[in-house]
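Please read these notes with the structure open beside you. They go point by point, from the whole chain down to single pairs of side chains.

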Amino acid sequence: AGRGKGGKDKDKVHTHGLSWTEEEHRRFLEGLEKYGRGDWRNISKHCVVTRTPTQVASHAQKFFLRQGSSYKKDKRRSSIHDITQNARDRDSSSDSASHAPPNNAGPPPSDD
């Protein structure tokens, strides 16, 4: 049996046509790290519970296109798809009480 509008995702919050929030995108990135690229069902079920697997897959497609785009970064509008796992890690580490530099000696992280 096919899953149309009355399928398993009937309990999802109605978000069709609404832009993704930063929180949803951050949860998407966490799910991507945990479940891997292509496991949209588990990312939807366990991480971005407000979105269907199809919505997660569509968001991922746009996200990966944006990451691989050769379009000049300074010429385009900013987008939620510009938030990457590295940016998320930097944001969470900047919340720590100590702002002292780390003790490890090595090259600074690249800003890809």
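In what order do the elements of the protein run from the N terminus on?

1. Overall order. The elements run α-α-α-α from the N terminus on, and the count for the protein is 4 helices and 0 strands. Please keep in mind while reading that this is a predicted model, and that what follows was computed from it.

2. Burial and surface. Of the 112 residues in the protein, 29% are buried, which here means under 20% relative accessible area. The protein exposes about 8,600 Å², and carbon and sulfur atoms supply 50% of that area. Among the contacts between residues at least 6 apart in sequence, 55% join residues at least 24 apart.

3. The length of helix H3. Helix H3 covers residues 53-68, and its 16 residues should span 22 Å at 1.5 Å a residue, which agrees with the 22 Å that separates its end C-alpha atoms.

4. Which residues of H3 are buried? They are Gln-55, Val-56, His-59, Ala-60, Phe-63 and Arg-66, and because they cover an arc of only 135° around the axis, they lie on the same side of H3. As background, an α-helix has 3.6 residues a turn, so residues three or four places apart point the same way. The face turned away from the buried side of H3 carries the exposed residues Thr-54, Gln-61, Leu-65 and Gly-68. What covers the buried residues of H3 includes helix H1 (22-35) and helix H2 (40-46).

5. Ile-80 and Arg-26 are 54 residues apart in sequence, yet their C-alpha atoms are 9.5 Å apart in space.

6. Side chains of opposite charge can pair when their charged atoms come close. The count of salt bridges comes to 4, and one of them joins the side chains of Glu-23 and Arg-27, with 3.4 Å from N to O. Both Glu-23 and Arg-27 lie in helix H1, 4 residues apart, which is about one turn of the helix. Glu-23 is partly exposed, with a relative accessible area of 46%.

7. Salt bridges between distant parts of the chain. The side chains of Arg-51 and Glu-24 meet in a salt bridge, with 3.0 Å from N to O. This pair links distant parts of the chain, since Arg-51 is in the loop between H2 and H3 while Glu-24 is in helix H1, 27 residues apart. Both Arg-51 and Glu-24 are buried. Asp-82 forms a salt bridge with Arg-66, and the closest N and O atoms of that pair are 2.9 Å apart. Here too the pair links distant parts of the chain, with Asp-82 in the loop between H3 and H4 and Arg-66 in helix H3, 16 residues apart.

Terms used. Residues are numbered from 1 along each chain as its sequence is written. This is a predicted model: local features need pLDDT of at least 70, side-chain atom pairs count only at pLDDT 80 or more; totals for chains, interfaces and linings use all residues. Side-chain values use heavy atoms; hydrogens and water are left out. Helices (H or I, at least four residues) and strands (E, at least two) are DSSP runs, numbered from the N terminus. The expected span of a helix is 1.5 Å times one less than its number of residues. Buried means under 20% relative accessible area, exposed over 50%, partly exposed in between (1.4 Å probe, protein chains only). The arc is that of the directions from the helix axis to the C-beta atoms. Contact means heavy atoms within 4.5 Å. Accessible areas come from the Shrake-Rupley method with a 1.4 Å probe; for residues, only the protein chains shown count as cover.
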